[in-house]
Amino acid sequence: MVRLAYLGPPGTFGELAAITFAPEAELMPFPSHAAVAAAVESGMADLGVVAIENLINGSVQETLDILIHETDLQIQAELFVPVRHCLVAKPGTRPADVRVIYSHPQALGQCRKFLERCFPKAQAEAALSTTEAVELALRRDGDAAAIATERAAQLTGAEVLARDIQDSDNNVTRFLVLGRGLPAPTGRDRTSIAFTLAEDRPGALASVLNALAAANINCTKVESRPTKATFGEYVFLIDFEGHQDDPHVRPVLEQVRQLCSDLKVFGSYPRAR
């Protein structure tokens, strides 16, 4: 049986992503995305599920930094999980009495409009996970609520005060599955890379993008993160369609490598449908 690590505890969207990806797997909750990666690296788990970006909040910076700086694990797959948030609280709590609302920072950001309109005076407090947020709310005397999944409410005995409070009905989170080895090409793949430029000059980044464009390779995402070494220096990240072993991709990656001081391929993996 596959041992699948995820950002826990049970009741989080990380668990939902893990169940969606491998319903029969042995699920192993961990307290952070870094711990998920460490579990796979150490052999404690076979695969790990981590959130990489959300429709509303954008990229998950913790995961990007892990991929850039902390792990050599390869992306094995991606999946998109619809995000439906609930406002939950200790049974009997009245919305008018809520003074504190707990949740993971990503969830708080995804429900910003609801909080501003319905609870403008409530204090938003960050939690390590949406499930921990429910546990924190349950410890208080009826003046707190949490933003979490309906499953988290069921697992903890909390009452659902409101459903579908996310700012967008189309809200989804993209998750990556990390593991060892390179998935074989499928004809419908995505490759994720990170690189630092060989020199800081006008057109340096454009030269990388132009090399991809000349090969008719479609970039689906471009962003940057600080190198954490020197102020003003950045790591650029690109997702593009195709597999690193595709005949038309392999020479372009070599060309890009010559333009960069460092190139890291996070993986080539089947695109989610």
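Lys and Arg are counted as positive and Asp and Glu as negative, with His and the chain ends left out; each charge is placed at NZ of Lys, CZ of Arg, CG of Asp or CD of Glu. On this basis the chain carries 26 positive and 34 negative side chains, and the centres of the two sets are 4 Å apart.

The model is predicted: local features need pLDDT of at least 70, side-chain atom pairs count only at pLDDT 80 or more, and totals for chains, interfaces and linings use all residues. Residues are numbered from 1 along each chain as its sequence is written, and side-chain values use heavy atoms, without hydrogens and water.

The chain contains 9 helices and 15 strands (DSSP runs of H or I with at least four residues, and of E with at least two, numbered from the N terminus). Its radius of gyration, taken over C-alpha atoms, is 21 Å, close to the 19 Å from the globule rule (2.2 Å times the number of residues to the power 0.38) for 273 residues, so the chain is as compact as a globular protein of that length. The C-alpha trace spans about 65 × 45 × 30 Å along its principal axes.

| Property of the chain | Value |
|---|---|
| Buried residues (under 20% relative accessible area, 1.4 Å probe, protein chains only) | 51% of 273 residues |

In helix α9 (residues 250-259), V252, L253 and V256 are the buried residues. They lie on the same side of α9 because they cover an arc of only 100° around the axis, an arc taken from the directions from the helix axis to the C-beta atoms. Their cover includes β12 (189-197), α8 (204-214), β14 (234-241) and β15 (260-270), where contact means heavy atoms within 4.5 Å.

Conventions. Buried means under 20% relative accessible area, exposed over 50%, partly exposed in between (1.4 Å probe, protein chains only).
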